Amino acid sequence: MNINATLIAQMIMFAIFVWFCMRFIWPPIVNALDARKKQIADGLAAADRGKHELELAAKRASESLHEAKMKASEIIAQAEKRAAQIVDDAKVAAQAEGDRQLAAAQANIQQEVFRAREQLRGQVAALVVAGAEKVLRREVDAKVHADLLEAVTNEL
Amino acid sequence: MSAEAHTSTEYIKHHLQNLTYGKLPAGYQRHDGETLQADTWTLAHSPQEAKDMGFSAFNVDTLGISLVLGLLFIWLFRKVAKSVTAGIPGGAQNFVEWVIEFIDNSVKGSFTGRNPLVAPLALTIFIWIFMMNFMDLVPIDWIPGVATLLGVPYLKAVPTTDPNATFGMSITVFFLVLYYSVKMKGLGGFVGELTLQPFGKFGLPANFFLEGVNLLAKPVSLALRLFGNMYAGEMIFILIALMGGAWAGASIGNLTLFGSQILLSLGWAIFHILIVTLQAFIFMTLTIVYLDMAHQEHH
């Protein structure tokens, strides 16, 4: 309970402890605490940013989905139009082809008719000649009367 | 209380005496009747001897225990500071960080200036005083008892019940207050603060007296508050310990005393946990406040 030189020794000891603490203990620990605080703040900020970006991405995704839908319906409409057109074209082409074939058939028929008529005419001529022969009871010289016969044939 | 020759008074005196190593003058008659031929550095073997050593003496127990506790603090915190990481903290680092954040918040709450010394100072004060106070919770007879068995005459386990330890800290803090007062306000500013308020320059002697008392009261109150609380607490532990010491065979009275000792020392120890922490906290907070006042222009 006496004040003695212990006082001085205690003061020195205390000062050394405080100095050591100030020099070697406080700064590294507080720096680490600050660093962790910063890390956490950065992390939170990054999370916020991420969330924001997520929202943006979702918005973009729904926008592009919408756009794609629009495009798809447009394409479908176009395709439908095109299909209708193709059908129309095909109809027209078919019609034309039908007409053409009809015309060809008609021409053919005409030709056949013509040919048949020619044939018929020839046969009729022959028949007429034969008839005339019989009528005249004499032979008609085909060579002599060829011109005559020709003229008859043409008249038919 | 092992030696049957001890009386209560001797027991108390024994527990309140520091182990003192100091110089006794030539011609001094020792406790055991021996007369010294020359100046001798020796351990005091009685309170009177310790007193007669005057200023040239060291309380070995105070120095030793506070040194060991201080080194324990330094070692623990340095170990953490070396391996400190900003990532996930381990157990020891968690504890140290918790303490440091607590101190840092206290300093930020009370100290408005900028000074890298204040927070480490507060940390050292808090932990060191806490650990020194905590020695009070070691059962009162253990450490002195072991010392007696080893042939050491006295040993006081709680450094803060020695005014040398508390004044050692408070005077160091006082020097810091003076240093920063002069550094921040200039010598003129500091002297002006001491002499020119509260009554203006015509009340100079009264001002100086009031402010001087105010200034000197800081270290004195700081040291005596801590010392007084711990000393009184120690005293009560000693008195409680005396109850069971009156043991003289199994009788109702003796058993009651014995039981009361156990209950009372338990109760007082639990209450003392609060005092131990509170006194360390008060010393730290007041130090911060005094240093803050030293940094401010007007207060």
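**Exercise 1. Identify which residues of α1(A) meet α4(B), and describe how the two helices pack.**

Solution. In this predicted model, the α1(A) side of the contact consists of Trp26(A), Ile29(A), Val30(A), Leu33(A), Arg36(A) and Lys37(A). They meet Gln93(B), Val96(B), Glu97(B), Ile100(B), Glu101(B), Ile103(B) and Asp104(B) in α4(B).

Next, sort these residues by class: seven are nonpolar, one is polar and five are charged.

Then take the geometry. Two packed helices are described by the angle between their axes and the distance between the axes.

**Exercise 2. Find the salt bridge across the interface of chain B and chain A.**

Solution. Side chains of opposite charge can pair when their charged atoms come close. The rule requires a side-chain nitrogen of Lys or Arg within 4 Å of a carboxyl oxygen of Asp or Glu. Across the interface, the rule finds one salt bridge; over all chains, the count comes to nine.

**Exercise 3. Work out how α1(A) packs against α3(B).**

Solution. Start with the axes, which are 10 Å apart at an angle of about 5°. Angles under 35 degrees count as roughly parallel, so α1(A) is roughly parallel to α3(B).

Now list the partners. The residues of α1(A) include Met13(A), Phe17(A), Phe20(A), Phe24(A) and Ile25(A). On α3(B), Leu63(B), Leu67(B), Phe73(B), Ile74(B) and Phe77(B) are among them. By class, this contact divides into 17 nonpolar, five polar and one charged.

**Exercise 4. Describe the whole interface from the side of chain B.**

Solution. First, count residues: chain B gives 56 and chain A gives 30. Together the chains bury about 3800 Å², of which 75% is on carbon and sulfur atoms. Phe55(B), Ala86(B) and Asn164(B) supply 16% of the area that chain B buries against chain A, more than any other three residues.

Second, count polar contacts: 12 residue pairs are found across the interface, both residues at pLDDT 80 or more.

The most comes from α3(B), with 12 residues. The side of chain B that touches chain A holds 36 nonpolar, 14 polar and six charged residues.

For context, chain B has nine helices and three strands, in the order α-β-β-α-β-α-α-α-α-α-α-α.

**Exercise 5. State how far apart Lys38(A) and Asp42(A) are along helix α1 of chain A.**

Solution. The side chains of Lys38(A) and Asp42(A) meet in a salt bridge, 3.1 Å from N to O. The two residues are four residues apart in helix α1 of chain A, so about one helical turn separates Lys38(A) from Asp42(A).

Note on methods
Residues numbered from 1 in each chain as written. Chains lettered and ligands numbered in written order. Predicted model: local features only at pLDDT ≥ 70, side-chain atom pairs only at ≥ 80, totals over all residues. Heavy atoms only, no water. Contact = heavy atoms within 4.5 Å. Buried area = accessible area lost by both parts, 1.4 Å probe. Polar contact = N/O pair within 3.5 Å; in protein donor to acceptor, adjacent residues only side chain to side chain. Nonpolar A, V, L, I, M, F, W, Y, C, P; charged D, E, K, R; others polar. Axes fitted to C-alpha atoms, helices over the stretch in contact; angles between N-to-C directions. Parallel < 35°, antiparallel > 145°, perpendicular 65-115°, else oblique.
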